[in-house]
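Here is a friendly note to read alongside the structure. Take the points one at a time, and keep the picture open as you go.

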Amino acid sequence: MTQSRIMPGFKPSLAYTLLYLALIVLIPLSTLVFKSLQLNLEDYWAIISHPRIIASFRVSFLTSLIASAVAGVFGFVIAWTMVRYNFIGKRFLDALIDLPFALPTAVAGVVLATIYQPSGLLGKWLIDSFGLKVAYTPVGIVIALIFVGIPFVVRTVEPVLQEFDTTMEEAAASLGASRWLIFARIIFPNIFPAVITGVSLAFARGVGEYGSVIFIAGNLPYVSEIVPLLIVTKLEQYDYAGATAIALTMLVISFVLLFLINLLQLWARRRSGQ
Amino acid sequence: MHAKVQLIGQVETQALYDPKWVRYSLIGIAVGFITLFLLSPLLLVLYQAFSKGLQAYWNALSEPDGLSALRLTLLVAVITVPMNTVFGVVAAWTITRFEFPGKNLLTTLIDLPFSVSPVISGLIFVLLFGAQGWFGEWLQAHDIKIIFAVPGIVLATIFITFPFVVRELIPLMQELGCEEEEAAISLGASGWQTFFFVTLPNIKWALLYGVLLCNARAMGEFGAVSVVSGHIRGMTNTLPLHIEVSYNEYDVIAAFASASVLAGLAIVTLVLKTFLEWKQSKAGFSS
């Protein structure tokens, strides 16, 4: 990057950037840390170890994990289809992939709940033919989180596939490799790190997701109650300490998991020799 | 001899393309998935909104609580978007045009709101300004309401949409470099002239793109706003909150009428986004 000595406005623009960042982001976020410092370890543990809270952590992290894995598989297939094949309506479908980014979560929430509720379009069919109840169960949460997560995977994998150097495929083909071998040994290992990045983005978003989940989840304690909802419940009871303790725990677990995912990604990159 | 060469050629091309059955089944899976998970929810919003006819749709939209929710949503966007746009441009200018220690840290901190759950984004403002918050007593003594009032909703929305504009500008401005701007300055242009006549034309499509995403999120934010709003009908309900309230009261038409407005916003956003991406890639090729 080029460094400039004659460009004007360094001091005022840096000052403005820092001031705005501090006022809007840093000071408000720091309240989380200060508030939790007021709790002693026993209080904290009493809040967190409540069975209902533990159950909600299990629901939140498990559903996000499953949903982001499913989004990873389908997101990869969609990205592959969009980059490698041509078919009618491709541009339209490609634009639709960003819908979960653009559609407000509350809208997604009520629509998904309407589709998958026992009397809904798909909900009725799934119950009648498979006995599968989606709405008001963890399955419903997974469905909502797949919806939210899919663009993260597709939009992360697409550019990497586009820039993927096909001469490697040609070299392998001229050496007699089959299509399957080329995919398994050359294409997939090179694309896999991007898939993991997409999955971890979807996962991170899924754990904190609120609007698109609460309508379809039914929010039954111990069964389909997610962590963000419990934070809201605590706040409605003016239990700021409880809300903060849960929020901080959620942030810490997410960061640890994302760190582990990053390690996995590093390992995948090393293996593919990037 | 000739036949053999041709045969090898055929084997090679076969190994370069997916077999037909693979191609068709993958396209089938992709199209099926997008139709089921993305297209059908979008269509269902419209179907539900108009299921009792146009008159019922119109009544639901023009009902006072719905109108006040729409007004509040627009007000929040009108305050939030310009503030974050100005910040985005200034921050991108600072980060891409100067070298200073702590730059990477600054870039990471700017992205922070993206990795925080919307509910937690609301919570931190309650901890600051709520009844038992840092400034709670002081605010009460001076009769200023932030939580369960419009200022809290605006603040939480600004926090949530904070990184959108900067994020679009930084990679582009980094790629553009500052030779053109330096040329303008050394020819005697002022800083503002350089920005408006050199920088702005170069970044306008990316800037609009960031503004578009920022606006969509500002109008649609639910979790953070829900925590700080207090759900006072006709007062602190934005459109997304109005959808929730109506839905929970089994007023399906009202919920989906409001939802259809926001879905319309999402469609407009997607169309403009596709257009801006096309513009930006064209601008990229020509320069």
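**Notes on the two chains**

1. Let us begin with A:T156, which lies in helix 8 (residues 138–163) of chain A. Helices here are DSSP runs of H or I with at least four residues, and strands are runs of E with at least two, both numbered from the N terminus. A:T156 has a relative accessible area of 17%, so it is buried. Buried means under 20% relative accessible area, exposed means over 50%, and partly exposed is in between, using a 1.4 Å probe and protein chains only. Apart from neighbours within four places in sequence, A:T156 is in contact with A:A194, A:T197, A:G198 and A:L201. A contact means heavy atoms within 4.5 Å.

2. A word on what you are looking at: this is a predicted model, in which local features need pLDDT of at least 70 and side-chain atom pairs count only at pLDDT 80 or more, while totals for chains, interfaces and linings use all residues. Residues are numbered from 1 along each chain as its sequence is written, chains are lettered from A and ligands numbered from 1 in the order in which they are written, and side-chain values use heavy atoms, with hydrogens and water left out.

3. Now step back to chain A as a whole. How many helices and strands does chain A have? There are 13 helices and zero strands. The C-alpha atoms of chain A fill a box of roughly 70 × 70 × 35 Å along the principal axes. Of the 274 residues in chain A, 54% are buried. Among contacts in chain A with a separation of 6 or more, 74% are between residues 24 or more positions apart.

4. Next, find A:S68 in helix 3 (residues 51–84) of chain A. Is A:S68 buried or exposed? Its relative accessibility is 4%, so A:S68 counts as buried. A polar atom of the A:S68 side chain lies 3.1 Å from the backbone oxygen of A:L65. Not counting residues up to four places away in sequence, A:S68 touches A:V199, A:A202 and A:F203.

5. A:R205 is a residue of helix 10 of chain A. The side chain of A:R205 makes a polar contact with the side chain of A:E209, at 3.0 Å. A polar contact is a pair of N or O atoms within 3.5 Å; within protein, one must be able to donate a hydrogen and the other to accept it, and residues adjacent in sequence count only if both atoms are side-chain atoms. Leaving aside neighbours within four places in sequence, A:R205 is in contact with A:T105, A:V148 and A:F152. A:R205 and A:V232 are 27 residues apart along the chain, and their C-alpha atoms are separated by 17 Å.

6. Helix 10 (residues 179–208) of chain A also packs with helix 9 (residues 167–174) of chain A, at an angle of about 150° and with axes 10 Å apart. That angle makes helix 9 of chain A roughly antiparallel to helix 10 of chain A. Angles under 35 degrees count as roughly parallel, over 145 as roughly antiparallel, 65 to 115 as roughly perpendicular and the rest as oblique. Axes are lines fitted to C-alpha atoms, for helices over the stretch in contact, and angles run from 0 to 180 degrees between N-to-C directions. In this pairing, A:M168, A:E169, A:A172 and A:A173 of helix 9 meet A:R179, A:I182, A:I186, A:I187 and A:N190 of helix 10.

7. What about a pairing between the chains? Helix 12 (residues 227–236) of chain A packs with helix 6 (residues 118–129) of chain B at an angle of about 25°, with axes 10 Å apart. Helix 12 of chain A is therefore roughly parallel to helix 6 of chain B. Here A:P228, A:I231, A:V232 and A:L235 meet B:V119, B:I120, B:L123 and B:V126.

8. Finally, look at chain B. Nine of the ten residues of helix 13 (residues 239–248) of chain B are buried, so this helix is largely enclosed by the rest of the structure. Among the buried residues are B:L239, B:H242 and B:Y247. After helix 13 of chain B comes B:Y250, with a positive phi near 60°. In helix 11 (residues 191–220) of chain B you will find B:P201, which is partly exposed at a relative accessible area of 38%. B:P201 touches B:F195 and B:F196, not counting residues up to four places away in sequence.
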